Amino acid sequence: MITTSGRVVRKNANASNGRRAQQPRQTPQEQIEEALQARDFSKATTILEFYKSSGQSLGDFPINPWLAYSAFHANDIDKAIDVYKDMLALQSFDPINYIYLGCCHYMNGDFQEAEECALRGPECPLQVRLMLHIAQKTHDEEKLMSYHGRLQDTVEDQLSLAAAQYIRNHYTEAIDAYKPILAQAAEYRALNVYLAMCYFKLDFYEVSVNVLNVYLQTYNNSAVAINLKAANHYRLFNSRAARSELKLLIDLQRTTYNVETDIVKHNLVVFNNGDGALQVLPSILDVGIPEARLNLVIYHLRHDQINEAFDLMANVDPLTPQEYILKAVVNAYVGQNMESQEHLKACKEIFNFVGSSASDRDTIPGRQCMASYFFLLRDFANVLIYLRSIKPYFIRDDTFLYLYGIACAGTGEYAEAEQSLLAVNSEKIKAEFSYTSWLVRSHIMNKQPKLAWDIYLRKEMGESIGILRLLANDCYRTSAFYYAAKAFDVLERLDGDAEYVEGKKGACIGVFQQVFANEETSDAFFDVMKMVDSSIQQHTDDPVIVKDFTQILTVMKEWSKDAKLKRR
């Protein structure tokens with residue numbers, strides 16, 4: 001009969017009494033083989049290590065080779081290295097173990113040791129594959145092309161080539177390599193995960209999920225697959241959906257490999273919008289998760305910890321678009337804060353490099369890079385070309401709305417600028433002087449100077465001076481003389497600079513002319529008369545200013561009497 005585990009259990013002669021026959025006890029070899037078949041490498045390692053340390057024999061079953069194999073696949077690389085070294089210390093060692101040892105050093109990131117070991121082993125396809133990946137990690141293009149040319153048309157070699165393409169960010173080429181293999185060997189279900197990872201990197205999140213589900217139908221407790229599905233849901237939906245998927249993985253408690261546990265910790269930080277970043281990310285910077293460093297940099301940038309972000313990126317030699325972009329952003333922050341042209345130049349060069357590259361220019365990050373490049377050049381017309389091409393993807397993104405509003409205002413499209421800036425919800429962005437000044441200008445240019453004045457009234461004294469200057473000058477240029485006069489009046493009382501006095505004088509005369517032409521209210525006229533009188537009182541030690549404002553006030557009073565003007 002068939003049990004729920006799928007094993008065949010035979011009934012004994014006394015089965016009629018309801019008792020099941022006892023299953024025969026497994027031998028150690030059978031336990032190890034079962035663990036290896038189930039890919040429970042930790043269990044296999046434990047059993048093998050027990051027999052090795054106790055000196056007990058397993059008959060013809062070789063302990064060391066399988067112990068090294070199990071430890072390697074359980075991500076206990078140091079243990080695997082020790083075992084391979086033990087085998088190589090024997091007089092009758094197999095030279096292939098040098099290549100296996102090289103694989104261990106490669107996994108530890110010790111590429112020089114990995115190459116030395118690989119070259120001491122026999123020439124074989126595994127040596128070629130290992131040397132190919134070492135050349136890629138050490139950026140030795142000459143060796144890379146040499147070993148690339150020695151790859152054969154075997155499944156192992158083509159998988160290795162696909163992996164190399166993936167690491168080089170050539171995701172389309174990797175997909176082209178994986179698909180034929182999967183078509184010929186459907187039993188290689190893990191290739192669905194590799195394909196899904198490629199589609200994820202290309203921003204085809206729905207396709208990635210569909211491919212991934214094929215694998216999850218068979219292996220629904222795969223840590224890598226569940227984690228990737230959570231990452232897709234984060235991109236497609238929101239952090240809540242991502243956390244929901246990741247919870248399945250946490251509940252299963254099947255994260256056999258340490259690296260998988262670290263990935264889960266890392267992604268929970270991302271899905272929780274950076275919460276716990278300082279507790280989790282620093283401890284996993286060197287465990288093979290490059291995104292950990294990048295996300296820690298992003299955390300520091302979001303919290304205005306520029307020096308910490310710069311230090312983390314200082315020694316990073318960027319290879320991926322994400323690394324290039326963060327390098328540029330960090331340089332932009334430093335360049336603007338320190339007024340360093342050197343850093344700003346580096347920033348512009350990186351943005352232009354990524355945005356104009358053949359592989360990234362038609363991607364969303366690529367277009368963002370070009371928009372950033374032109375933004376730093378203050379070429380807002382070109383900024384809009386790139387931002388408009390990706391606008392549907394960022395209709396609720398505060399940073400995008402902010403920069404889009406500035407670009408619109410910079411090209412004179414103030415109605416769209418005002419709409420975009422008002423859609424920003426981030427209080428942090430709204431507190432920036434740049435945001436306030438562009439919104440003030442947009443209000444003024446859209447013939448709504450009162451909205452601009454109301455913004456000034458809500459500002460603290462320290463930052464209100466800059467807003468007042470902007471108000472005064474922009475309102476004057478757009479013939480909004482009443483609010484220009486109000487702004488110059490405050491500036492004059494704060495400073496008394498001749499520029500403000502002249503600006504106020506012109507604005508007051510402008511209001512007078514508009515009232516005369518029935519383009520301004522009588523209330524504004526009487527307010528301006530008070531402003532003129534205050535200038536006379538303020539500058540009693542300057543007869544020229546007193547004379548000019550006295551003449552203006554006299555004319556205004558006489559005209560108002562003749563016109564019988566009254567407050568409304």
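Here is a walk through a few spots in this structure, which is a predicted model.

You'll find alanine 309 in helix α18, which covers residues 306–314. Is alanine 309 buried or exposed? Its relative accessible area is 0%, and buried means under 20%, so alanine 309 counts as buried. Who does it touch? If you skip the neighbours within four places in sequence, alanine 309 is in contact with Val297, His300, Leu301 and Val330.

Next, turn to a pair of helices. Helix α6 runs over residues 111–120 and helix α7 over residues 125–137. Their axes come within 10 Å and cross at roughly 155°. The crossing of α6 past α7 is left-handed. Zoom in on the place where they meet: α6 brings Phe111, Ala114, Glu115, Ala118 and Leu119, while α7 brings Gln127, Leu130, Met131, Ile134 and Lys137. Sorted by class, this contact has seven nonpolar residues, one polar residue and two charged ones.

Now for the aromatic rings. How many aromatic pairs are there? The count comes to 30. Take tyrosine 476 and phenylalanine 488: their ring centres are 6.4 Å apart and their planes stand at 80°. Planes over 60 degrees apart count as edge-to-face, so that's what this pair is. Tyrosine 476 belongs to helix α28 (residues 461–477) and phenylalanine 488 to helix α29 (residues 481–494), so the pair ties together parts that are twelve residues apart in sequence. The two partners also have their own accessibility values. Tyrosine 476 has 34% relative accessibility, so this residue counts as partly exposed. Phenylalanine 488, with a relative accessible area of 4%, is buried.

Another ring pair is made by tyrosine 482 and tyrosine 483. Here the centres are 5.1 Å apart and the planes are at 70°, so this pair is edge-to-face as well. Both of these tyrosines are buried.

Finally, rings can link up into a group. Which residues form a cluster through ring pairs? Look for Phe512, Phe516, Phe525, Phe526 and Trp559, which ring pairs join into a cluster.

Key
Residues are numbered from 1 along each chain as its sequence is written. This is a predicted model: local features need pLDDT of at least 70, side-chain atom pairs count only at pLDDT 80 or more; totals for chains, interfaces and linings use all residues. Side-chain values use heavy atoms; hydrogens and water are left out. Helices (H or I, at least four residues) and strands (E, at least two) are DSSP runs, numbered from the N terminus. Buried means under 20% relative accessible area, exposed over 50%, partly exposed in between (1.4 Å probe, protein chains only). Contact means heavy atoms within 4.5 Å. Rings of Phe, Tyr and Trp (its six-membered ring) pair if their centres lie within 6.5 Å; planes under 30 degrees apart count as stacked, over 60 as edge-to-face and the rest as tilted. Axes are lines fitted to C-alpha atoms, for helices over the stretch in contact, and angles run from 0 to 180 degrees between N-to-C directions. A crossing is left-handed if the near helix is turned anticlockwise from the far one by less than a right angle, and right-handed if clockwise. Ala, Val, Leu, Ile, Met, Phe, Trp, Tyr, Cys and Pro count as nonpolar, Asp, Glu, Lys and Arg as charged, and the others, Gly among them, as polar.
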